[in-house]
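Please walk through this model with the sequence and the coordinates side by side.

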Amino acid sequence: MTSPTQNDPSSNEIHGIIKRKHLFIESELPKEGWIQTCFLCGTDATSHLLDYTTIKDYERYSNSNVYYDLNIAIHTCPRCSKKLKKDRMYNRRTRRLINEYIRTNIYSKFIGR
Ligand SMILES: [Zn+2]
């Protein structure tokens, strides 16, 4: 397989660009705002983001063969953040659920390119 960036003269400029996606529970809060409802408990609003993962070569720029990476960060309230750090069982279970969510809602788009 040839690299998708090889034939693109502008690849040096856009190589390594990362787009961001924030996961949160939808609420009456403005969608573009800093504060969103915690993705884990669905009750507390928070601006805190947990940097979760980055999917390499996620999607192609339109009219180009250059792919960008997608960084996924998750709105987690202080209570859930603390629980993730201290409760190993909760951490494992939560990561499994998050990975499942990413696989079905985000990654399926990625591998379907
Ligand atoms: Zn929470």
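Leaving aside residues up to four places away in sequence, isoleucine 18 touches Thr54, Tyr68, Asp69 and Asn71, where two residues are in contact if their C-beta atoms, placed from the backbone, lie within 7 Å. This is a predicted model, in which local features need pLDDT of at least 70 and side-chain atom pairs count only at pLDDT 80 or more, whereas totals for chains, interfaces and linings use all residues. Residues are numbered from 1 along each chain as its sequence is written. Isoleucine 18 and leucine 70 lie 52 residues apart in sequence, yet their C-alpha atoms are 5.6 Å apart in space. Is isoleucine 18 buried or exposed? Isoleucine 18 counts as exposed because it has 12 C-beta neighbours inside 10 Å; a residue is exposed if 12 or fewer other C-beta atoms, placed from the backbone, lie within 10 Å of its own, buried if there are 20 or more, and partly exposed in between.

Isoleucine 18 is found in strand S1, and the sheet can be followed from there; helices (H or I, at least four residues) and strands (E, at least two) are DSSP runs numbered from the N terminus. Strands of a sheet pair through backbone hydrogen bonds, either parallel or antiparallel, and two strands are taken to pair if DSSP finds at least two bridges between them. S1 and S5 run parallel and are joined by 6 bridges, with arginine 20 standing opposite asparagine 71 in S5. Asparagine 71 in S5 also has threonine 54 opposite.

Strand S4 (residues 49-60) and strand S5 (residues 67-75) run antiparallel and are joined by 8 bridges. Aspartate 51 stands opposite alanine 73 in S5, while arginine 60 has tyrosine 67 in S5 as its bridge partner. S4 and S5 form a hairpin with 6 residues between them, and in the turn asparagine 63 has a positive phi of about 60°.

Together these pairings give an open sheet of 3 strands in the order S1-S5-S4, with mixed pairing. The edge strands, each pairing on one side only, are S1 (18-23) and S4. Neighbouring strands of this sheet are turned by 25° against each other on average, direction ignored, with axes fitted as lines to C-alpha atoms, for helices over the stretch in contact, and angles running from 0 to 180 degrees between N-to-C directions.

In soluble globular proteins, nonpolar side chains tend to be buried together. The largest nonpolar core here has 14 residues, of which Leu23, Cys38 and Phe39 touch the most other members; such a core is a set of buried Ala, Val, Leu, Ile, Met, Phe, Trp, Tyr and Cys residues joined through C-beta atoms within 7 Å. S4 and S5 are the elements that give two or more residues to this core, and its largest share, 4 residues, comes from S5. Leucine 23 touches Phe39, Ile72, Ile74 and His75, again not counting residues up to four places away in sequence.

For the protein as a whole, there are 3 helices and 5 strands, and from the N terminus on the elements run α-β-β-β-β-β-α-α. Buried residues make up 16% of the 113 residues. The mean pLDDT, the predictor's confidence in each residue on a scale from 0 to 100, is 85, and 81% of residues reach 70 or more. Over residues 1-12, however, pLDDT stays under 50, and for these residues the model has 11 contacts beyond four places in sequence.
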